[in-house]
Amino acid sequence: MGLTAERKYDAARHIWLNLFQKSKQRGNQAISEKQTKFSIFISRWFQWNEYCWLIDYYNQNLVDKITSRLADQTAAVCQQRLNLLLELNPKFPDFLHFQAILQFHRGDTRDALNTIGEIEKLIPQGIATLFSRAFLTLWQRKYKPALRCFKRMAKLNCPPPFVLSVVAFYESLIAQYPDRHELKFGSAFVNDFFCDQQIAQENYRQFLDAAKNTIAYAPLDAYASERLSYLQSNASETR
C-alpha cells in the first residue's frame, strides 16, 4: 500500500499481482469469510494500483497525442492493462471512461459515445461523462446537441483540477487542429463557467472571428455572441 501511495506503481504492481494471483488460485478451495474479505481487499488494491498507473501513463504519454497514429503503441499498452481491469470489474465507471478515451484515440467516436452511455446508466448525474459527451458530440460536428450538453454542464459544481485538465485537453487539440474552430468554443465555455472568464472572452472572440459566415456554426455562434456580450457588460460594470 505504501508503494502505491508513493506513486511507485510498477514496484507495487509486482507485489499486488503476486498476491492477487495467489488469492485467485484459492478460488476453487473452501475458504473462510476472513480469507474471502482478504481476497477482495487484495483485488481492490491491485485494481487501484493499475488504474493509478494508467492515469499517470496516459498523462505523460498519450493525452497530448490523443488523435495521433504515432501514439497507437502507447494506446495499445494502455488497452492491455485496462482489459484486465475490465475483466475484474466490467461495470466500474472509471474503467469504462478510460475505455471511451481509448476508443476516441482509435477514431471510434460512436463507440466512445456508446461507452459514455453505459456509464450514464450507472451514474446518471456524472460530471466527467457530461463533459465527455459534450466534447465527443462537438467533435462529431453535431453542434445543436453539443450545445445542449454544454448548457447542462454550466449548472455543475466541478473540482478545479478536473476542469483545468479539461481546458488543457482542449488547448492541446486546438494546437493540433487550428481549423477546428468549435474546439475554441469548447475551451471558451469551460473557462467561462469554471476557470477564467477573461480567457473565455478572448476565446469567444477568436471563435466568432473564425466562424464568421459559416452556417454550420450558427448554434454555437449565437450562444458565443450572447455570452461574450454578457461577460463584457459584467466586466465594464465592475470597473
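N203 is buried, at 6% relative accessible area; buried means under 20%, exposed over 50% and partly exposed in between, with a 1.4 Å probe and protein chains only. N203 sits in helix 11. Helices (H or I, at least four residues) and strands (E, at least two) are DSSP runs, numbered from the N terminus. Leaving out residues up to four places away in sequence, N203 touches E171, K184, S187, A188 and N191. Contact here means heavy atoms within 4.5 Å.

The model is predicted: local features need pLDDT of at least 70, side-chain atom pairs count only at pLDDT 80 or more, and totals for chains, interfaces and linings use all residues. Residues are numbered from 1 along each chain as its sequence is written, and side-chain values use heavy atoms, with hydrogens and water left out.

Now the whole chain. The protein chain has 12 helices and 0 strands. Its pattern along the sequence reads α-α-α-α-α-α-α-α-α-α-α-α. Of its 239 residues, 44% count as buried. Take the contacts between residues at least 6 apart in sequence: 61% of them join residues at least 24 apart.

Next, the core. In soluble globular proteins, nonpolar side chains tend to be buried together. In this model, the largest nonpolar core holds 60 residues. A nonpolar core is a set of buried Ala, Val, Leu, Ile, Met, Phe, Trp, Tyr and Cys residues joined through side-chain atoms within 4.5 Å. F135, F150, F185, V190 and Y204 have the most contacts inside the core.

Follow F150. This residue lies in helix 8, residues 143-153. F150 counts as buried because its relative accessibility is 0%. Beyond its neighbours within four places in sequence, F150 is in contact with A134, L138, Y170, F185, G186 and F189. L130 is 20 residues from F150 in sequence, and their C-alpha atoms are 8.2 Å apart.

How do helix 9 and helix 10 pack? Two packed helices are described by the angle between their axes and the distance between the axes. For helix 9 (residues 160-176) and helix 10, the angle is about 160 degrees and the axes are 9 Å apart. Helix 9 is therefore roughly antiparallel to helix 10. Axes are lines fitted to C-alpha atoms, for helices over the stretch in contact, and angles run from 0 to 180 degrees between N-to-C directions. Angles under 35 degrees count as roughly parallel, over 145 as roughly antiparallel, 65 to 115 as roughly perpendicular and the rest as oblique.

Which residues make the contact? Helix 9 supplies V163, V166, V167, Y170, E171, L173 and I174. Helix 10 supplies L183, K184, G186, S187, V190, N191 and F194. By class, the residues of this contact are 9 nonpolar, 3 polar and 2 charged. Ala, Val, Leu, Ile, Met, Phe, Trp, Tyr, Cys and Pro count as nonpolar, Asp, Glu, Lys and Arg as charged, and the others, Gly among them, as polar.

Finally, two loops. P159 is in the loop between helix 8 and helix 9. It is partly exposed, at 44% relative accessible area. P159 and F194 are 35 residues apart in sequence, with 8.9 Å between their C-alpha atoms. C195 belongs to the loop between helix 10 (181-194) and helix 11 (197-211). C195 counts as partly exposed because its relative accessibility is 33%. Apart from neighbours within four places in sequence, C195 is in contact with V163, L164, V167 and V190. C195 and L164 are 31 residues apart along the chain, and their C-alpha atoms are separated by 7.3 Å.
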